[in-house]
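Student: I'd like to learn how to read a ligand site and a pocket. Can we walk through one together?

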Amino acid sequence: MSRILLRKLDGNPIKYRYLSEIRCGMVQATDEPDVVKLTKQHTYGTWRAQKSWIPREIVSAEGCYFTDASGQRLLDFSSQLMCSNLGHGNKVVIDAICEQAKKLPYVVPSFTTEVRARLTELLMEVVPKGLEKFFYATSGTEANEAAFKIARQYTGRYKIISRYNSYHGSTAGSIAATGDPRRYPIEPAGKMDGVIFGPDAYCYRCPFGLRYPDCGITCADYVEYMIEHESNVAAVIVEPVVGSNGVIVPPDEYLPKLRDITKRHGVLMICDEVMSGWGRTGEWFAVDHWEVRPDILTTAKGVTGAYIPLGVTATTREISDFFEEHYFAHGHTYEAHPLTLAAGVAAIGEYKRLDLIERSREMGQYLGKQLKTLQDKHPSVGDVRGLGLFWGLELVRNRKSRLAFNTREDKLQGKPMVADGVAAECMKKGTFINPWINYLIIAPPLIIKREEIDQGINALDSALGVADTEITRHRHGAISALHV
Ligand SMILES: Cc1ncc(COP(=O)(O)O)c(C=O)c1O
């Protein structure tokens with residue numbers, strides 16, 4: 001039967017329907033421009049060569065599901081870009097944005113608004129104690145840019161220590177501080193100077209070849225060595241639980257030790273909780289697991305449940321006191337934009353009303369258990385790690401040697417990636433999962449139910465066959481575990 005792009009008579013959604021339905025008058029053909037074609041021809045697809053990009057058109061979303069233009073309903077097992085923590089179609093947040101739009105959508109940031117005061121009050125209830133002054137932007141990368149400027153001005157030093165398995169955003173400072181390959185193509189132009197990279201707290205692929213706990217947390221000690229030998233270090237930036245680069249949970253001693261080292265050297269600790277914040281790990285913020293208070297905490301994504309873009313840079317009183325007499329050299333037209341703040345107020349209310357932090361902890365235990373059963377069944381699953389509703393699967397060609405399927409260079413060169421193949425197979429089975437190099441990021445909305453977790457696990461169980469088959473196709477001997 002022929003299929004044609006049609007709009008339902010009630011106006012939405014656009015769907016591929018059968019011609020028989022037109023004949024029966026159930027639907028009518030339209031001259032709707034081809035959404036995918038226009039998007040592809042005239043807008044950029046991010047982090048990729050453009051030629052092979054065929055964006056899927058999404059028409060609606062509700063709860064833990066979203067629907068594409070063909071009518072396929074997909075379970076959102078990654079909260080889109082690990083940001084739709086409240087799920088889709090949350091009426092409270094949507095209404096709050098609409099109400100604010102009617103009341104006062106925008107004023108110059110040097111004025112203030114009731115909603116700015118309200119969000120600030122609520123933030124102080126949930127961020128680690130002692131973080132008391134905020135800068136509001138509209139993305140995670142901007143939150144980090146503000147953090148770098150603040151740290152450099154406050155300390156009078158300029159070097160920033162970051163780590164190789166990290167992503168901190170796309171703008172000049174944040175991409176410079178990004179250790180993953182998204183940085184490579186823009187070097188040396190287009191990024192700020194002064195970033196150096198230290199070792200990851202990545203036990204599955206320890207950069208020192210050590211084993212926890214005998215390692216003595218050498219990865220933290222080495223940062224101290226760097227601070228001492230580099231000089232001029234303003235700050236160390238870490239994702240407390242690394243996000244897109246594999247959901248790497250550090251050993252328990254790591255963050256407290258890093259806090260101690262940075263404090264002793266008068267170096268600021270910036271914790272990037274753009275992805276790991278907002279209940280994702282089963283606490284309001286990942287640092288809460290280890291009771292660490294950074295000097296600066298940056299966040300975005302879940303702060304509004306992704307209903308509208310908001311980024312936050314939270315600083316201590318000591319830092320803000322410095323700017324009482326020093327020029328705060330930063331700002332944006334859309335800083336403290338009332339619509340973004342209204343969404344933040346409503347979202348925090350929803351995290352509390354729905355008890356989502358506790359729920360993330362509880363459902364996360366179930367999700368983790370189910371994912372670990374997949375590791376038992378599938379030789380391609382090298383490691384399963386996570387906290388709360390934030391889990392990563394690391395795929396390997398050889399479990400014993402930990403040889404990875406693909407390299408960072410493969411990703412940049414647009415080579416077929418095994419993790420992408422598994423994710424594509426999951427989509428066919430109705431579950432959306434974000435892949436990155438050799439990782440699959442499982443981070444569903446915090447409202448997810450057990451049955452929905454089971455549905456995602458079943459899809460993944462069957463899709464992992466793609467990676468298992470790759471192993472049998474290319475039998476390799478042991479190669480360095482430090483392949484990625
Ligand atoms: C840890 C981390 N920091 C910063 C960013 C950048 O945030 P945005 O994309 O909102 O600029 C991201 C985005 O994924 C992230 O995961």
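Predicted model: local features only at pLDDT ≥ 70, side-chain atom pairs only at ≥ 80, totals over all residues.

**Reading a ligand site and a pocket**

Tutor: Start with polar contacts, pairs of N or O atoms within 3.5 Å. Here an oxygen atom of the ligand is 2.9 Å from a polar backbone atom of Thr141. Gly140 also uses its backbone, with an N or O atom 2.8 Å from a ligand oxygen. Lys301 brings in its side chain, where a polar atom lies 3.0 Å from an oxygen atom of the ligand.

Student: How much of the ligand's accessible area does the protein cover?

Tutor: On its own the ligand has 390 Å² of accessible area, and the protein covers 82% of that.

Student: Which helix gives the most to the shell around the ligand?

Tutor: That's helix H6, residues 140-155, with three residues. The ligand's surroundings also include Tyr167, His168, Glu239 and Asp272. By class, the shell splits into three nonpolar, six polar and three charged residues.

Student: Now the second largest pocket: what volume does it have, and which residues lie nearest its centre?

Tutor: Its volume is about 470 Å³. Of the 18 residues lining this pocket, Arg116, Lys133, Phe134, Phe135 and Phe328 lie nearest the centre.

Student: Which helices and strands each supply at least two residues of that lining?

Tutor: Helices H5 (114-126) and H10 (317-325) do, and so do strands S7 (131-137) and S13 (311-316).

Student: And how does the lining of the second largest pocket divide by residue class?

Tutor: Into seven nonpolar, five polar and six charged residues.

How values were computed
Residues numbered from 1 in each chain as written. Heavy atoms only, no water. Near = heavy atom within 4 Å. Polar contact = N/O pair within 3.5 Å; in protein donor to acceptor, adjacent residues only side chain to side chain. Areas by Shrake-Rupley, 256 points an atom, 1.4 Å probe, with all protein chains shown as cover. Helix = DSSP H or I, 4+ residues; strand = E, 2+ residues; numbered from the N terminus. Nonpolar A, V, L, I, M, F, W, Y, C, P; charged D, E, K, R; others polar. 1 Å grid on protein atoms, 1.4 Å probe; cavity = no way out; pocket = protein on both sides within 12 Å on 5 of 7 lines; lining within 4 Å. Points joined across faces, edges and corners; volume = space filled by probe spheres on them.
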